[in-house]
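Colleague: I'd like to learn how to read a helix and its surroundings. Can we go through one together?

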Amino acid sequence: MTLVSALQANMGLRLHDVAAAEVSASQQITFLNMAVDDIKSAGWLIYLEEDESLVEVANTYSFAVPADFAYINKILRQNTSTSTYDYDLDVESWRLGLDGSAPTLFFDERRYQPSPGAKLKIVGQKRPTTYVLATETVDTGMESVLREGALYYAFQFVAAGRSEYASWRQVETQLAYARFQQLLSYAPQQFRQKPNSRYVPSR
């Protein structure tokens with residue numbers, strides 16, 4: 001488990017700015033989030049299981065999609081006798097759409113029969129996390145690509161001017177960019193869209 005603060009410390013070392021005199025802690029987080037935006041645009045996704053907040057009700061055929069889901073891969077129904085999730089709902093029985101502007105899960109009344117009281121587990125993927133605090137945990141497996149992306153923006157920020165490090169930082173800007181692009185282009189399987197996933201509108 002890696003905290004944002006650990007990435008900030010790494011950035012300070014690489015920038016020769018351990019005391020965060022030239023790039024403040026808040027600026028470091030801003031640069032991390034600029035890298036996150038690039039990673040999102042490149043299509044990286046994070047595995048997510050919903051906390052089973054959806055409960056089936058008789059004659060109810062739509063539910064608000066739980067927060068954070070950008071894609072849904074499958075929906076599991078609870079076995080109320082064992083509290084396990086043994087039933088994979090038919091993919092033809094549900095679709096995703098908007099109810100007004102709210103992302104909504106719609107069930108086909110011809111294919112879906114509610115089991116009142118049973119919970120539904122949503123399985124899918126979310127977008128990479130945007131960070132606010134140094135104490136937050138970084139998405140597992142994304143440490144290197146986040147660090148290099150943030151360093152690219154940070155080096156670019158401090159490379160201007162005529163300081164003793166300016167020329168070196170200009171070179172490091174290009175090196176960090178190259179490393180970031182290389183890591184970005186070789187997304188591990190765990191961060192790729194799962195087969196047969198469905199996009200949650202507006203997310």
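Colleague: Leaving aside its neighbours within four places in sequence, which residues is G149 in contact with?

Modeller: First, the ground rules. This is a predicted model, where local features need pLDDT of at least 70, side-chain atom pairs count only at pLDDT 80 or more, and totals for chains, interfaces and linings use all residues. Residues are numbered from 1 along each chain as its sequence is written, and side-chain values use heavy atoms, with hydrogens and water left out. Contact means heavy atoms within 4.5 Å. Here, G149 touches A35 and F180.

Colleague: Is G149 buried or exposed?

Modeller: Buried means under 20% relative accessible area, exposed over 50%, and partly exposed in between (1.4 Å probe, protein chains only). G149 has 0% relative accessibility, so it counts as buried.

Colleague: Which helix is G149 in?

Modeller: Helices (H or I, at least four residues) and strands (E, at least two) are DSSP runs, numbered from the N terminus. G149 is in α3.

Colleague: And which residues of α4 are buried?

Modeller: They are A166, R169, E172, T173, A176, F180 and L184. Looking down the axis of α4, these fall within an arc of 120° , so they line one face of the helix. The arc is that of the directions from the helix axis to the C-beta atoms.

Colleague: What do the buried residues of α4 pack against?

Modeller: They pack against α1 (4–15), α2 (25–41) and α3 (143–158). On the face turned away from the buried side, α4 carries the exposed residues S167, Q174 and S185.
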